[in-house]
There are 2 protein chains.
Amino acid sequence: KKNRMPELHQNHPPFGGFLAAPLEKLKRIYVSPGPIYDPEGRKEDYWGLRKCLYNAGFRPGDLVMNTFSYHLTPAGIFLDEACNGIGCITVPTGVGNTEIQVKTMAGLKINGYIGIPSFLLSLIKKMEELGYDTAQDLAMEIALVAGEILSPSLRKELNDYGIIVRQSYITADLGGVAYECPGENGMHISDDLHIEICDPTTGEPLPVGGVGEVVVTDFSNECYPLVRYGTGDLSALDADECACGRTSYKLKGIMGRADEVTKIKGMFVHPRQVDEAAAAFPETVEKIRVVVTREGVTDMMTVEIRLKKGVEGTDALKASLEEKIREATKLRGTAVFVPEIPEGSKKIEDKRNWQ
Amino acid sequence: KKNRMPELHQNHPPFGGFLAAPLEKLKRIYVSPGPIYDPEGRKEDYWGLRKCLYNAGFRPGDLVMNTFSYHLTPAGIFLDEACNGIGCITVPTGVGNTEIQVKTMAGLKINGYIGIPSFLLSLIKKMEELGYDTAQDLAMEIALVAGEILSPSLRKELNDYGIIVRQSYITADLGGVAYECPGENGMHISDDLHIEICDPTTGEPLPVGGVGEVVVTDFSNECYPLVRYGTGDLSALDADECACGRTSYKLKGIMGRADEVTKIKGMFVHPRQVDEAAAAFPETVEKIRVVVTREGVTDMMTVEIRLKKGVEGTDALKASLEEKIREATKLRGTAVFVPEIPEGSKKIEDKRNWQ
């Protein structure tokens with residue numbers, strides 16, 4: 001199970017005994033939050049993402065802006081290389097710097113986007129705010145989105161700007177797992193993988209249609225051959241014939257997490273990371289939890305903190321807590337001091353609505 | 001001249017007429033501050049950086065942490081790929097996230113570093129602060145540094161930790177221009193390039209030994225063949241025989257800039273960017289300049305602002321100025337309100353001392 005990986009990796013560093021090739025055979029090592037070290041081998045198209053991009057509609061000569069982070073985590077680089085691999089020209093923009101990204105988008109007449117779906121909408125809104133005419137300056141035609149649940153309303157809003165949006169299910173250890181076809185009705189499973197949907201508690205496979213944890217066995221990876229790997233993501237299998245003609249099973253979208261690990265702004269946040277931030281303040285913090293909400297298409301992370309008796313909630317303490325939370329989760333959150341955190345509440349309370 | 005590139009690119013977008021291949025032949029386009037779009041072709045080792053790394057002492061199997069940014073600007077990705085190209089394993093860490101970088105450095109026993117030299121020292125200091133024993137946990141052996149002048153004292157301090165430090169001169173449009181050999185006495189010029197040192201005003205070539213602008217002609221690039229390209233960097237040629245046996249001319253280190261463009265924390269800052277930030281506040285800002293200082297090995301950017309008559313220097317104004325400066329330069333600076341900015345002072349005043 002993915003949520004045990006940090007522990008397993010730490011007990012047998014650096015790869016928990018899962019590495020099946022000598023270190024010298026690797027090309028890169030990524031540092032996913034957790035922390036988990038994710039190895040990348042030297043095989044061409046190691047992550048199996050070229051077919052994912054081609055299937056989504058990317059073609060040679062497309063100018064593709066890749067807004068996933070290239071630092072530490074693998075999404076940025078592996079999608080960049082897959083994109084190059086099928087003949088696209090990538091523009092590695094990464095996260096943030098919204099204004100530069102908008103100018104680049106317009107200046108180069110970018111027609112492809114890779115990233116989380118809400119950020120694409122933010123870029124378009126920013127473009128309008130800066131006085132561009134989207135009918136003329138927005139050349140975007142196709143987007144491969146991942147890392148965040150795509151709500152039907154957000155997809156429609158992007159479609160209305162003339163952008164085809166295709167979802168994919170990609171993980172830092174397995175690469176491309178499943179992706180949408182033009183039918184836009186579930187994600188076809190990659191041919192190299194065997195997928196079971198299992199009861200998150202017992203680990204028993206469920207019948208087709210049952211909602212459970214996505215458990216993956218990777219037959220094609222000689223470096224890091226994960227067998228019956230519990231991703232922690234919830235989904236269900238769909239065996240119906242697809243209008244596109246593919247006969248592979250589909251995943252019915254990602255329906256949430258089997259554990260408390262939660263994706264916020266496209267990044268995994270683990271209860272452990274929240275505790276890690278709190279642990280830096282043993283004298284002051286009594287209890288802590290994260291509340292996730294959504295304003296428009298933007299995730300907001302509020303960190304509720306109950307202080308120890310007699311400790312004063314100063315601005316300075318708030319600032320250093322927020323700094324520590326950013327270090328631990330790589331996300332900006334707002335710290336608020338609360339008189340009480342309900343007994344038995346989750347460490348990460350997800351109050352987002354995905355309609 | 002490099003400082004005219006943003007204007008030339010804007011008049012004939014996106015590459016100012018310098019692109020000698022159709023867009024489809026490119027692999028990536030980077031967005032350097034300026035803004036300048038920098039094209040990358042598909043030729044193997046396009047930037048000529050493999051020899052630079054091998055020459056510096058990097059060898060197959062080395063575990064190399066690359067701390068240059070992979071987003072927008074090219075340094076991160078092109079050094080990552082060159083490193084992979086000679087058989088090293090890269091760990092793409094990028095900028096910031098110091099604590100995660102330190103843990104990764106110790107956890108993976110990283111033995112190679114790529115980045116600006118002062119950041120390497122910051123990482124080591126942070127390692128000590130976190131309670132690591134550098135004699136045991138610091139496996140770093142070799143560092144390729146660029147983007148910042150390496151002071152003799154900083155080199156010595158890093159050497160004292162057992163790290164060999166080799167400088168290189170790399171630009172976003174030309175790739176590897178020159179690099180230090182084990183003699184550590186100037187940088188050998190790459191075989192593919194012809195370099196002249198020219199009077200920055202007249203453009204006339206200077207005799208060997210004269211200090212002037214580095215002007216480069218690139219004979220190997222079919223995509224973006226720059227001829228007599230003025231980099232804006234100041235240096236001098238050294239024709240003396242080198243102890244290492246190489247007979248190529250050397251550059252006597254980079255001695256500053258021919259224009260006011262200044263490298264701060266490894267990033268170019270152009271007077272234009274400072275003006276751009278000020279231009280967002282036409283009602284309030286009368287005059288602005290940047291003062292660069294150095295605390296220990298850390299660059300500090302202070303932005304002095306003279307307000308218009310009757311305008312009050314509130315905290316809110318200070319905060320929004322700092323936000324705008326960060327947007328325009330991609331660097332954090334401190335805004336201070338001053339009663340006067342001396343007549344005729346430079347837009348970017350460099351007060352750093354490189355001893």
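Predicted model: local features only at pLDDT ≥ 70, side-chain atom pairs only at ≥ 80, totals over all residues.
User: The side chain of A:Asp218 reaches the backbone nitrogen of A:Ser220 at 3.0 Å. What makes that a polar contact?

Analyst: A polar contact is a pair of N or O atoms within 3.5 Å; within protein, one must be able to donate a hydrogen and the other to accept it, and residues adjacent in sequence count only if both atoms are side-chain atoms. Residues are numbered from 1 along each chain as its sequence is written, chains are lettered from A and ligands numbered from 1 in the order written, and side-chain values use heavy atoms, without hydrogens and water.

User: How do you know that A:Asp218 has no salt bridge?

Analyst: A salt bridge puts a side-chain nitrogen of Lys or Arg within 4 Å of a carboxyl oxygen of Asp or Glu. The nearest side chain of opposite charge, A:Lys43, is 6.8 Å away, so there's no salt bridge. A:Asp218 is still buried (under 20% relative accessible area, 1.4 Å probe, protein chains only).

User: Why is one side of β19 and of β20 in chain A left without a neighbour in the sheet?

Analyst: The open sheet runs β19-β18-β17-β20, with mixed pairing. β19 (334–337) and β20 (348–350) stand at the edges with a single partner strand each, so one side of each has no neighbour.

User: What makes β18 and β19 of chain A a pair?

Analyst: Pairing takes at least two DSSP bridges; these strands have 4, in the parallel sense, so they qualify.

Notes
Buried < 20%, exposed > 50% of the residue type's maximum accessible area, 1.4 Å probe, protein only. Lys, Arg positive; Asp, Glu negative; His and termini not counted. Helix = DSSP H or I, 4+ residues; strand = E, 2+ residues; numbered from the N terminus.
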